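Notebook open, viewer loaded. I'll jot down what I look up as I go.

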Amino acid sequence: MCEYLHISKATLWRHIANGKLPQPTKRLSRSILLWNKSALDEMLGLNESKGAENE
């Protein structure tokens, strides 16, 4: 997640605590967390409609 957003771990958890980012949707282990990418992109206002631009 930090690499995807280009932020540090501290910033990631600060944004989660402040409600700027959603909580992880699943924990696989103590250090492996999963997020719903489409929900995250929607919360950040990112759209992946690359194909629609070329039509």
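This is a predicted model: local features need pLDDT of at least 70, side-chain atom pairs count only at pLDDT 80 or more; totals for chains, interfaces and linings use all residues.

**Entry 1: the whole chain.** I started with contacts: of those in the chain with a separation of 6 or more, 18% link residues 24 or more positions apart. I went through the secondary structure next and got 4 helices and 2 strands. Going along the sequence, I read the order as α-α-β-β-α-α. Then I looked up burial, and 16% of the 55 residues count as buried.

**Entry 2: the largest pocket.** I wanted to know where space is left open. Rolling a probe the size of a water molecule over the atoms shows where empty space remains. How much space lies in the largest pocket? I get about 220 Å³. I wrote down its lining: Met-1, Cys-2, Lys-9, Leu-12, Trp-13, Arg-30, Ser-31, Leu-33 and Trp-35. Which element gives the largest share of that lining? Helix α2, residues 9-18, does, with 3 residues. Sorted by class, I have 6 nonpolar, 1 polar and 2 charged residues in the lining.

**Entry 3: Ile-16.** Is Ile-16 buried or exposed? Its relative accessibility is 6%, so I put Ile-16 down as buried, the cut-off being under 20%. Leaving out residues up to four places away in sequence, I find Ile-16 touching Leu-21, Pro-22, Gln-23 and Trp-35. Trp-35 is also on my list for the pocket lining.

**Entry 4: a charged pair.** Side chains of opposite charge can pair when their charged atoms come close. I searched for salt bridges, and the count came to 1. Which side chains meet in it? Lys-37 and Asp-41 do, at 2.8 Å from N to O. I checked where the two sit: both are in helix α3 (residues 37-44), 4 residues apart, about one turn of the helix. Lys-37 has 39% relative accessibility, so I filed Lys-37 as partly exposed. Asp-41 comes out at 6%, so Asp-41 counts as buried.

Entry 5: Most residues other than glycine have a negative phi. I made a note of His-6, where phi is near 60 degrees, a positive value in a residue other than glycine. Where does His-6 lie? I found His-6 in the loop between α1 (2-5) and α2. His-6 has a relative accessible area of 71%, so I marked His-6 as exposed.

**Entry 6: Lys-26.** Last stop, strand β1 (residues 26-27), where Lys-26 lies. Lys-26 has 49% relative accessibility, so Lys-26 counts as partly exposed; exposed would need over 50%. Which residues does Lys-26 touch, not counting those up to four places away in sequence? I have Ile-32, Leu-33 and Leu-34. Leu-33 had already turned up in the lining of the largest pocket. I also took a C-alpha distance: Lys-26 and Asn-36 are 10 residues apart along the chain, and their C-alpha atoms are separated by 8.8 Å.

Note on methods:
Residues are numbered from 1 along each chain as its sequence is written. Side-chain values use heavy atoms; hydrogens and water are left out. On a 1 Å grid over the protein atoms alone, a cavity is a set of points where a 1.4 Å probe fits but cannot get out, and a pocket is an open set with protein on both sides within 12 Å along at least five of seven lines; lining residues have an atom within 4 Å of a point. Grid points are joined across faces, edges and corners, and a volume is the space filled by probe spheres set on the points. Ala, Val, Leu, Ile, Met, Phe, Trp, Tyr, Cys and Pro count as nonpolar, Asp, Glu, Lys and Arg as charged, and the others, Gly among them, as polar. Buried means under 20% relative accessible area, exposed over 50%, partly exposed in between (1.4 Å probe, protein chains only). Contact means heavy atoms within 4.5 Å. A salt bridge is a side-chain nitrogen of Lys or Arg within 4 Å of a carboxyl oxygen of Asp or Glu.
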